[in-house]
Amino acid sequence: MEEKTANVENENGESSDRDNSFVSISNSNNVNNSIGSRSLNGLIRNENSWEEVTIVVPWGTVQGKWWGSRNKQPILALHGWQDNCGTFDRLCPLMPAELPILCIDLPGRRIVRKFNWKHITLMGHSLGGALSFMYAASFPNDVDKFISIDIAGPTVRNTERLVNNTGMAIDKFLDYEDMALSKVPCYSYQEMVKLVVEAYDGSVDEECVQILLKRGMETAPQLLDRNGYHFVRDVRLKVSSLAMFTADQVLAYAKKIRCKVLNIRAEPGMNFEYPQVAESVGLWAAKYVTKRINDFKPGPNNYFVLGLPTGSTPLGMYRNLIKFHKDGKLSFKYVKTFNMDEYVGLPRDHPESYHYFMWQNFFKHIDIDPQNVFILDGNANDLVAECNEYEQKIKNAGGVELFIGGIGPDGHIAFNEPGSSLVSRTRVKTLAQDTLEANARFFDNDMTKVPKQALTVGVGTVMDSKEVMILITGAHKAFALYKAIEEGINHMWTVSAFQQHQNTLMICDEDATLELRVKTVKYFKCLMDVHMKLIDGM
């Protein structure tokens, strides 16, 4: 094998060869073989187009695989929990041949500092995605792009659960640390494959497991005579609860991220304890809306009036409503819709306008008459008059039969941010700085492009509807749900106003209940059979 020293340039063209502490051991199979390869601009990449690298760091070495050119700053790829850089073995051959990628067996910050890389691109899977999230938040000026695969951010736990588990987790961590080599579990190769396949509960197939085991196992010294193996990962990683965050902490970090973010979710993806729950929120909501419309028996003189939200939370509901429509179970011919809000000054065909969102994600896929679709006009000459007319249109339609909404982590509904009047009507709303910063990611992280105002229905407008259904998913909204149902009505948490509505449904997933008292969760779970009757026949 050939040994050589790397001389890599950073984005500014500066040499980053600080010393001879980066050693490369060439992959003996690294040949430009055209079989199963990707060719672009004369470059060829296939499953063998990588070199094994050893990076010397103060505490020892970091191993990895370098795909592509060694003369250009690479994407830094971080693998998932208890995995290794083999995670990317099937992805890298499919990426552009001129794009270098350094896949390491964790960790990573020391490597970035060693080679003085600037404007880095991070790509992380699972835990690697969470670490990349934290890195992008902690060093926002250093990261240009962040690609997250099958995870949005660090795992969230509620404060009480974190506190209660800390002592037990520390003891378990120390037990693993003191474990003698003779006590480390050993297996045959077939047993190891079976164990990992079962651990991933079907989300990773046997072929992928075999790729991971190329770097994830070694011969067990105590079983040399029986071809026994053990995992090479650090067993202390099993104590994952010591690395959890509260929802507030994760949100605080998220606000610091300034780079471009691409989040890729696999289907079906990793199976967790409640793999279907978030999607079930959208499915249940769609079934409920379908049943309500069909039971209403809408017609030419009897329109069903529906209030609708935007954002990521209702997308599952919209997808299922489209499916029900295409399956012949639902028609929107005699349905009128009123959307909650719209940015001021944003063209209707702008990808971030709510007109664009609703037509692309819902309206163009169903049989609704465009004249029955009502969305606030953020480009009206007289915005106040536009808001007043919107209120009148709702009244002329007979009021909203069912208003569906989502909430933000701070408990706002529509653009009724903390501090909004709980009897407010449709109006022009100047957006808070936190909202502008949170929305900057949709506008190339350029604060100057983020609309400073929006038109929004008021809390009182929604309260006037005959029924309200609020969709809440994700641990980052757990505290808002807690404020909505376990504490009193407070204009700093506008969703709490619906405690006083006579007919409100809050549909949430398991993660969104993390801040609720155990007895509260048990109470509502005991009512599940009653709630399921609301969608009988669906």
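How many bridges join strand 14 to strand 15, and do the two run parallel or antiparallel? Five bridges join strand 14 (residues 304-308) to strand 15, and the strands run parallel. Two strands count as paired if DSSP finds at least two bridges between them. Helices (H or I, at least four residues) and strands (E, at least two) are DSSP runs, numbered from the N terminus.

This is a predicted model: local features need pLDDT of at least 70, side-chain atom pairs count only at pLDDT 80 or more, and totals for chains, interfaces and linings use all residues. Residues are numbered from 1 along each chain as its sequence is written, and side-chain values use heavy atoms, with hydrogens and water left out.

Strand 15 spans residues 335-339. Four of its five residues are buried (under 20% relative accessible area, 1.4 Å probe, protein chains only). Between strand 14 and strand 15 the chain passes through helix 8 (residues 315-326), and this β-α-β crossover is right-handed. Right-handed means that, with the strands pointing away from the viewer, the path from the first strand over the helix to the second runs clockwise. Strand 15 also pairs with strand 17 (residues 373-374), again in the parallel sense.

| Partner of strand 15 | Bridges | Facing residues |
|---|---|---|
| Strand 14 | five bridges | Leu-308 opposite Asn-339 |
| Strand 17 | two bridges | Thr-337 opposite Val-373 |

**The chain as a whole**

The chain holds 15 helices and 22 strands. Of its 538 residues, 47% count as buried. Contact means heavy atoms within 4.5 Å. Among contacts with a separation of 6 or more, 73% join residues 24 or more positions apart.

Methods: Buried means under 20% relative accessible area, exposed over 50%, partly exposed in between (1.4 Å probe, protein chains only).
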